[in-house]
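Hi everyone, thanks for coming. I'd like to walk you through one structure today, so please have the sequence and the 3D view ready.

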Amino acid sequence: MGMTMTQKILARAAGVESCRAGELLMCNLDLVLGNDITGPVAINEFYKMGAKKVFDPAKVVLVPDHFAPNKDIKSAQMTKAMRTFAREQQIVHYYEVGKAGIEHALLPEQGLCAPGEVIIGADSHTCTYGALGCMSTGVGSTDMAAGMATGQAWFKVPEAVKVTLTGKLNPYVSGKDVILHLIGLIGVDGARYMSLEFGGDGVKEISMDGRLTIANMAIEAGAKNGIFPVDDVTRAYLAGRVTRPWQAVEPDSDAEYAREVVINLADVPLTVALPHLPSNTKPAAECADLAIDQAVIGSCTNGRIEDLRAAAQVLRGHQVSDRVRCIVIPGTQKIVRQAIDEGLVSVFIDAGAIFTMPTCGPCLGGHCGVLADGERCVSTTNRNFVGRMGHTGSEVILASPAVAAASAVLGHVATPDEVK
Amino acid sequence: MKMQSAVIKYGDHVDTDVIIPARYLNTTDPAELARHCMEDLDAAFHEKAGTRKIIVAGRNFGCGSSREHAPLAIKAAGIECVVADSFARIFFRNAINIGLPIVECPEAAAAIEDGAQVSVDLDAGVITDEATGRTFTAAPFPPFMQGIIEAGGLVPFVQRRLEGK
C-alpha cells in the first residue's frame with residue numbers, strides 16, 4: 001500500500017522501509033524549536049531528565065518572540081533563562097532581539113527548514129514549514145526537552161486529508177482566504193490528528209508566502225501538520241538559503257486518504273472567520289455591517305513581505321479611519337529592511353498606521369495592541385477564540401492583509417475594491 | 001489508577017486560551033497558573049474544583065496553542081482526570097507527557113451530566129456513572145504510551161533512557 005508525503009518522511013526518519021497510519025515510530029529530528037514562553041519550561045524539564053548537553057547545538061533553535069522585546073519583568077526573567085541556556089549550551093541558532101523576528105517567519109527565511117526534514121517546535125504553528133515539503137509539527141515543552149536531550153521524538157503515523165487545489169485565484173484573494181475557506185469546509189477538528197496533504201494543479205498558482213500561510217493554519221483544522229509538494233516555486237525559495245543536501249518526497253499514487261477535499265481556487269472568495277472559531281467563515285463582502293476598532297496586519301500567519309505589500313497596495317493614498325487603530329507588524333528584521341527599501345513603511349505611516357517591531361504581541365493578547373471590553377478587531381492572525389487578543393468581551397475577525405487594510409480604511413469589514 | 005468524584009461538565013472545543021489565557025504565560029509556576037485556570041470560560045471553576053475532581057467535555061478538548069501550561073494548570077488546580085469525546089492532538093501529547101490522566105470516550109462524554117458522581121478506572125479504561133450504574137469503556141492506550149504513563153510522564157521516561165536502563 002502506498003504512503004502519503006508525511007508517512008514517507010516519518011518512515012525515513014525512523015529508519016524503516018514503510019509505515020501505516022496508526023503505527024508509532026521513534027524518529028530522528030532535524031530541528032527542535034522553542035520560544036520565550038515554551039522554552040523556559042522545556043529547559044527546566046531538560047535538566048530534570050538528567051540531560052547535560054543538547055543532542056546537537058546546531059539543531060536547536062531558540063527565538064524570543066512572543067513577549068519580546070520583554071513586556072514586563074516576568075517575561076524578562078523567562079527570556080533571560082533561555083538566553084543563559086543558549087550561551088551555556090552554545091546554541092548556534094539563538095536569535096536575539098534585533099537579529100530575530102517571529103519564529104515561523106524567521107526559520108524558513110534563514111534556511112533552517114528543508115524538504116524531507118522532520119521538525120518539532122514547542123509552538124502550535126510549527127506546522128508552517130510544511131509549505132517547504134518537510135514534516136513539521138507543534139509539540140509541548142516536555143516533548144521539546146526530550147527532543148533537545150535525545151534528538152528524537154515519537155510520532156503516531158497520521159492518516160491524511162488530501163486537499164486538491166485546482167484553478168487560479170481571483171485578484172486580491174490569497175493563501176489566507178484559501179485556508180480560512182478550507183477550515184470553514186472541514187471544521188476546527190476536521191483534520192484532527194491527521195496530516196493535510198496539499199496537491200493539484202492549483203498549487204503552482206500559490207506563492208511561497210501564500211503556502212506558508214496555508215500550512216501555518218493547518219493546526220486550526222486540528223491537523224498534526226500540513227504539507228505541500230516540492231516544485232519550482234519551492235526550489236526558487238530554497239536557492240541561496242539552504243545549502244545542505246535535502247531530499248523531497250512525493251505521495252504514492254496509491255496512498256490512502258481518510259478524506260479528499262477539492263477546492264477550485266477561482267471559487268474561493270475573500271474570506272473572514274467571525275468570532276469565536278476559525279471555522280466560522282463567511283465571505284468578507286457579506287460582513288460590511290461589522291464596524292471595527294482595530295486592524296492588525298502581521299503575525300506568523302501573515303507578517304511576510306508579500307503580506308505587507310498586499311496591505312500597502314490597499315492603503316496607498318488612503319487614510320486609516322479615525323475610529324480605527326491600524327497596527328502593522330513585520331515578521332522579521334529582514335522583512336523590516338525590505339519594507340523600508342520598497343517604500344512600504346512610508347505608505348503605512350502616511351496612511352496613519354503604526355509600523356512596529358517584529359513580535360507575536362497582540363495575536364495572543366500579549367502586548368502591542370491588546371483589546372478592551374466590547375472592542376472588535378480585524379486581524380490577519382490565526383485564532384479568534386474568546387479572549388484571544390484581550391478582554392473576554394472583545395471580538396476578533398480573522399482576515400487576509402488586503403481585507404484587514406481595506407477594513408482599516410473604511411472602519412468596517414470591507415473588501416479592497418470598496419476602497420476608492 | 002482509580003478515582004471517584006463529581007463531574008464538572010464543559011462543551012466542545014474548549015481551547016487553550018480559555019484553559020489558561022496567554023496573559024498569564026509570563027510565569028511557569030503551576031500554582032500561579034492554576035489560579036487562572038478556566039477563568040475566561042467559567043468564573044465558578046475554582047469553587048467547583050474544590051469538590052469536583054473530574055472534567056467531562058465534548059469534542060476537541062484543548063484545541064489551539066501548544067502551551068503545556070494548559071494541562072499543568074488543570075492538574076495544579078486539583079483536577080485528577082479529564083474525560084472527553086476527543087482531544088486536540090498537542091494537548092493529548094502534553095497531558096500524557098506531564099502525567100495528567102485523560103480518557104477519550106465519546107459515549108461517556110455525551111451521557112454524563114454536570115455534577116454526576118462518576119468513577120474512572122484508568123487501567124481498565126472503564127468509566128462508571130455511579131447514579132445510573134451505566135459503564136463506558138474507552139479504548140486502551142497503546143503499549144508505548146502506557147510505558148510513558150507508567151513511568152510517570154516523559155521526564156522520568158527519558159531519564160531512564162539517558163541512564164541506559
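Let's begin with a sheet: in what order do the four strands of the open sheet of chain A stand? The order is β10-β9-β8-β11, with parallel pairing. Two strands pair here if DSSP finds at least two bridges between them. The strand names come from DSSP runs too: helices are H or I runs of at least four residues, strands are E runs of at least two, and both are numbered from the N terminus.

Before going on, a word on what you are looking at. This is a predicted model, in which local features need pLDDT of at least 70 and side-chain atom pairs count only at pLDDT 80 or more, while totals for chains, interfaces and linings use all residues. Residues are numbered from 1 along each chain as its sequence is written, and chains are lettered from A and ligands numbered from 1 in the order in which they are written.

If you want to find one of the pairs on screen, look for L196(A) and its bridge partner G226(A) in β10(A).

Now let's zoom out to the domains. Chain A is assigned domain 1 (5–246 + 254–264) and domain 2 (271–418), with bounds that come from an automatic or database domain assignment. Their C-alpha centres lie 24 Å apart. How many residues of each domain are in contact with the other? There are 35 from domain 1 of chain A and 33 from domain 2 of chain A, where contact means that C-beta atoms, placed from the backbone, lie within 7 Å. On the domain 1 side, α6(A) gives the largest share, six residues.

Next, the two chains. Here 45 residues of chain A are in contact with 37 residues of chain B. The elements giving two or more residues to the chain A side are α2 (38–48), α3 (73–88) and α5 (141–150) of chain A.

What about the inside? The largest nonpolar core has 201 residues, and A311(A), V82(B) and V83(B) touch the most other members. Such a core is a set of buried Ala, Val, Leu, Ile, Met, Phe, Trp, Tyr and Cys residues joined through C-beta atoms within 7 Å. Helix α13 (residues 401–410) of chain A gives the largest share, eight residues. Leaving aside neighbours within four places in sequence, V83(B) has contacts that include I54(B), V103(B) and I127(B).

Most residues other than glycine have a negative phi, and most peptide bonds are trans. Yet A68(A) and P69(A) are joined by a cis peptide bond, with omega about -10°, and P69(A) sits in the loop between β3 (60–63) and α3 of chain A. The bond from P275(A) to H276(A) is cis as well, with omega near 0°.

Then there is Q90(A), whose phi is positive, near 50°. Is Q90(A) buried or exposed? Q90(A) counts as exposed because it has 11 C-beta neighbours inside 10 Å; buried needs 20 or more other C-beta atoms within 10 Å, exposed 12 or fewer, and partly exposed is in between, with C-beta atoms placed from the backbone.

Terms used: Contact = placed C-beta atoms within 7 Å.
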